[in-house]
Amino acid sequence: MIKVFGHKAPDTDSTGSPIVWAWYLSEIRKEPAVAVLQGEPNTEAAWMLGKWDLPKPQIIADVAAGDKCVIVDTNNPAELPDSINDAEVIEIIDHHLLAGGIKTRLPINITIRPLACTATIMHDLMGDEDLARAPRGIKGAMLTCILSDTLEFRSPTTTPHDRFVAEKLAADLGVSIPDFAAEMFAAKSDVSAFADDALLRMDSKEYELGGKQLRVSVLETTAPKVLLDRKASLMAAMPGVAAADGADEVLLFIVDILNEEATLLVPNDFVKQVAEKSFGATVAGDTVVLPGIMSRKKQIIPALAV
């Protein structure tokens, strides 16, 4: 059985795209496959599973030698199971930069395209004939992934093709994109049940900057005040999360989806320096607003400097 999975701390795309591709492998290619996760899905991803009546994939801690695997929505070994190079990776489908470090025994299919969402790539790989055979839940997962990764087309990562595919899927499903996205973002914004350390890891990537190991975390929300009201406890939790995860610092960007801006929490002088050198900001307190900043992949990570 082929295991299909995305990165650690599964967001909507890393939850939905494994489900989509496992269906495609099993039903179209006739290669038995199962979607798995590397952690609990975030609130929006969990909402997607309920919305489209999709079972939550099994959560795995690692892979074993000889396991056949398809990696989606990442190609970075730091975001993959520890034993990934002992497994048999047979395919990678991704929309991030090529990180390197994955070893395979044989040549494999690799598809990395500069699109906003892995599900958009999967749509193209399937083609209309195969997509027509997909059940509503699979098409719904694809639509949810695309609207999530594009923030309903607000993110600068959005391409005209992502929008075209999303609108095509929505028309097929009879879904109003504005109404559907509002439901999605309400689910994404409901973080009341999560502890501070869980929020800091919910949508997070590892990154090295100036000899320091960073955990760069993003929380996308339509209710930023709910998170900003917790800023003191979130900042107090940062050193413990960093120490537990082998990082030097945690950067937390709270992305206001509707106002199209990010607020960076500034717990110390290092983060203040990063904010000022990376974004040309003037930091006067323990937060700084960064107008127009929406995307970690396209606007935050590439800009980071010390």
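Predicted model: local features only at pLDDT ≥ 70, side-chain atom pairs only at ≥ 80, totals over all residues.
Local features here need pLDDT of at least 70 and side-chain atom pairs count only at pLDDT 80 or more, while totals for chains, interfaces and linings use all residues. Residues are numbered from 1 along each chain as its sequence is written, and side-chain values use heavy atoms, with hydrogens and water left out.

Q: Where does Glu152 lie?
A: Helices (H or I, at least four residues) and strands (E, at least two) are DSSP runs, numbered from the N terminus. Glu152 sits in the loop between helix H4 (136–150) and helix H5 (160–173).

Q: Is Glu152 buried or exposed?
A: Buried means under 20% relative accessible area, exposed over 50%, and partly exposed in between (1.4 Å probe, protein chains only). The relative accessible area of Glu152 is 18%, so Glu152 is buried.

Q: What is phi of Phe153 near?
A: Phe153 is in the loop between H4 and H5. Most residues other than glycine have a negative phi. Phe153 isn't glycine, yet its phi is positive, near 70°.

Q: Why does Phe153 count as buried?
A: Let's go back to that loop between H4 and H5, where Phe153 lies. Phe153 counts as buried because its relative accessibility is 15%.

Q: Which residues is Leu115 in contact with, leaving aside its neighbours within four places in sequence?
A: Leu115 is found in the loop between strand S6 (109–112) and helix H3 (118–131). Contact means heavy atoms within 4.5 Å. With those neighbours left aside, the contacts of Leu115 are His95, Thr120, Ile121, Asp124, Thr157, Thr159, His161, Asp162 and Lys297.
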